[in-house]
Amino acid sequence: LSRDPLALDVARPKPPPFLRPAELPPVCDATGARLDGDGVDALLELLQVAALLDPQYPGLRTVRETFTAESLGAFARELQEQWVLAGAPRRHEWMSFASVHFPSDDSSRRLAALTREWARRDAAKASSACAALAALGTDPALMHLAQVAETSRFEKLREEAAELIREAAAARGLSPEELGDRTVPDLGLGPDGTLELDLGPRKIRATLDEVLGPVLLDAEGRRLPSFPRANKQDDAAKAKEAKARYQQLKDDAAAVAQRRLRRLESAMVAQRTWRADEFVERLVRHPLLGHLARRLVFEASVAGAWTAFRVAEDR
């Protein structure tokens, strides 16, 4: 009680040379009044020294109560982008953590994309980004964290991400199975469980088979034996990007397939049940698990009687 919780006993930090405060969106209160230059400098200092303190620095709550979530989210998103454009230096990762304190859908998607990219090539940066996703704690954030835990080629990073997920489950009062339903990666598939690959004038689609193996379909829905060669009409750059995206889907699907198949098998053995709304949301409508749900026979309890059913091709 003798200490002011808003006091921070730290030296005034030096801002990074690449920080451009003049380009940051305005921070506004409910009346539309803007935070002035000195206030912006103070906010940047606060974010710099209170990146991911645990427990969270209480001054951040005051900021959120004073200014609109939309303006703070836009402010954090631009900070995040300036940091990325500067090469994402670890020393100044507080600029990315701002999107945890002042989240927005846009910044959360960007953080997730960065995490997945780094999980393939930079374990140190990915570890920091995983901590940010865990601190964010939303279902989409944990879903992307689960994807890192299942697909990263770095063993230590996979273990770190898995531990963060276990901690998130405990914090929510959920079982690992219940949280697992909420954090199944979608691998970038659309709501219908397919991925469009743009080669320029023509487009093909990737989907998954009964063991989550990628399958290619042409515009008429016919199965292709392999990724098509680029022809003269195709856009060379788009064709190259599409092939790389398909390879990424193949790698990610291979990394998660066996675990997801075993998980459903374990659910069968344990006679696990779901509520109807959970079953539809978490399995039937899920871009990835929907492919497996359509290949299984389930039972539903209706008025105390069990009735077998299957999920049709139209879900």
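The lining of the largest pocket divides into 15 nonpolar, three polar and six charged residues; here Ala, Val, Leu, Ile, Met, Phe, Trp, Tyr, Cys and Pro count as nonpolar, Asp, Glu, Lys and Arg as charged, and the others, Gly among them, as polar. This is a predicted model, in which local features need pLDDT of at least 70 and side-chain atom pairs count only at pLDDT 80 or more, while totals for chains, interfaces and linings use all residues. Residues are numbered from 1 along each chain as its sequence is written, and side-chain values use heavy atoms, with hydrogens and water left out.

About 670 Å³ of space lies in this largest pocket. Of the 24 residues that line the largest pocket, Arg-272, Trp-274, Val-297, Phe-298 and Glu-299 are the closest to its centre. At least two lining residues come from each of α10 (236-269), α11 (276-284), β5 (297-302) and β6 (305-310). These labels are DSSP runs numbered from the N terminus, with helices (H or I) of at least four residues and strands (E) of at least two. On a 1 Å grid over the protein atoms alone, a pocket is an open set of points with protein on both sides within 12 Å along at least five of seven lines, a cavity is a set where a 1.4 Å probe fits but cannot get out, and lining residues have an atom within 4 Å of a point.

Let's move on to the second largest pocket, with about 440 Å³ of space. Of its 21 lining residues, the closest to the centre are Pro-176, Glu-177, Gly-180, Arg-259 and Arg-263.

Among the residues lining the largest cavity are Trp-83, Phe-97 and Trp-118. Helix α6 gives the most to the lining of the largest cavity, with four residues.

Finally, take a look at helix α1 (residues 37-49). Its 13 residues should span 18 Å at 1.5 Å a residue, and the end C-alpha atoms are 19 Å apart, which agrees; the expected span is 1.5 Å times one less than the number of residues. At the start of α1, a side-chain oxygen of Asp-36 reaches to within 3.3 Å of the backbone nitrogen of Asp-38.

Key: Polar contact = N/O pair within 3.5 Å; in protein donor to acceptor, adjacent residues only side chain to side chain. Points joined across faces, edges and corners; volume = space filled by probe spheres on them.
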